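Work through the exercises below with the model open. Try each task before you read its solution.

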Amino acid sequence: MSIFFSTLNQTAFLFGFIIIGYILAKLRILPDSAAAVLSKLENSVFIPALILGTFIRNFTVERIRSAWKLLAISFGIAFIAIVLAILFSKLLTKDKYIRNIYTYGLAFSNFGFMGNAIISSLFPRVFFEYLIFTLPLWILIYIWGVPRLLMADSEKKQTFKESLKNFVNPIFISMPIGMIIGLIGLPLPEWITSLVDVAGSCMSPIAMILTGIVVSSISLKKTFTNVRIYIVSVIRLIILPGIFIAVTQFIKMPPAMYICALCSLAMPLGLNTIVIPSALGKDTSVAAGMAVISHLLACITIPLIFALSQV
């Protein structure tokens, strides 16, 4: 029951911000440009700050040296999830842009904000291991997921030069900077670390408010009757963690590693599918529907998955 109520509280917290954004947009308190402005703030300030702070704190020689098994298993599971995500997405739609959104959502869950909250409240002893485990996921997101799926123009094939340009953005640049600072242990003034931490903590609340604004502009009836969104959510929330549970019946893992992997796989669809395309002026109605429905369903599926795995 503790898992159920912890998950319920975290989901209710997230949905509180969605409701705030929805109400502000519906009452016309926010200008029409609010979504574009918030998206640019997310991409230019808040997401880069979150990445920078994560790597500065966790990308150290000692932690990487002592946790190479976590990193290796995380990369392995991530690559398998990416292959499955691509296959499932191709079966669900022929639209290249929507397929990219499905692929990203299936490959990368909300393992950051939601995953961190659940691990820290339910399994605090493995929180450090979880942060290490998710480092490869962050790397894959900002090396492949964001530039190739969310930022690329799906209507035409990119040249090599155009592909390289996708990496020249605040989101990607913040990652190697954070790695370098973390590896060399460069001491930073307290005001800088505080600035980075506070800016990074704004990412999830602003992303959820942005979700509410986007949802206010779409048809809720159409969203909740979109069968494909439910299929994507079920694959993300039940099938992928279910496959992991089945496989680990034959391949045993240390308990901490098992919890880290299961938690990263069982979280709902991530929010980058809304934040990043919105800043580029792309349609985010499907992504908003995926976020709303998957986080609602997660209230039930996360406790069930953990109960099924007998954690």
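A salt bridge is a side-chain nitrogen of Lys or Arg within 4 Å of a carboxyl oxygen of Asp or Glu. Keep in mind that this model is predicted.

**Exercise 1. Salt bridges**

Find the salt bridges in the whole structure and state which residues form them.

*Solution.* 
- Step 1: Search everything. The count is two salt bridges.
- Step 2: Take Arg57 and Asp197. Their side chains meet at 2.8 Å, N to O. That is within the 4 Å limit.
- Step 3: Arg57 sits in helix H2 (residues 34–58) and Asp197 in helix H10 (residues 190–201), so the bridge ties together parts that are 140 residues apart in sequence.
- Step 4: Check accessibility. Arg57 has 45% relative accessibility, so it counts as partly exposed. Asp197 has 39%, so it is partly exposed as well.
- Step 5: Turn to Arg28 and Asp32. Their closest N and O atoms are 3.6 Å apart, and they form a salt bridge. Arg28 and Asp32 are both exposed.

**Exercise 2. The core**

Name the residues that touch the most other members of the largest nonpolar core.

*Solution.* 
- Step 1: Take the core, with its 98 residues.
- Step 2: Pick out Phe55, Ile141, Tyr142, Met175 and Met290, which touch the most other members.
- Step 3: Find the main contributor. Helix H7 (residues 127–150) brings the largest share of this core, 13 residues.
- Step 4: Look around Ile141. Leave out residues up to four places away in sequence. Ile141 then touches Tyr104, Phe108, Phe111, Val146, Pro147 and Asn272.

**Exercise 3. The cavity**

Which helix gives the most to the lining of the largest cavity?

*Solution.* 
- Step 1: Count cavities of 30 Å³ or more. There is one.
- Step 2: Note the volume of the largest cavity, about 80 Å³.
- Step 3: List some of its lining. Among them are Ile77, Phe108, Phe111, Arg236 and Ser264.
- Step 4: Assign helices. H4 (68–92) and H14 (255–266) each supply at least two lining residues. H4 gives the most, with three.

Notes: Residues numbered from 1 in each chain as written. Predicted model: local features only at pLDDT ≥ 70, side-chain atom pairs only at ≥ 80, totals over all residues. Heavy atoms only, no water. Core = buried A, V, L, I, M, F, W, Y, C linked by side-chain atoms within 4.5 Å. Buried < 20%, exposed > 50% of the residue type's maximum accessible area, 1.4 Å probe, protein only. Helix = DSSP H or I, 4+ residues; strand = E, 2+ residues; numbered from the N terminus. Contact = heavy atoms within 4.5 Å. 1 Å grid on protein atoms, 1.4 Å probe; cavity = no way out; pocket = protein on both sides within 12 Å on 5 of 7 lines; lining within 4 Å. Points joined across faces, edges and corners; volume = space filled by probe spheres on them.
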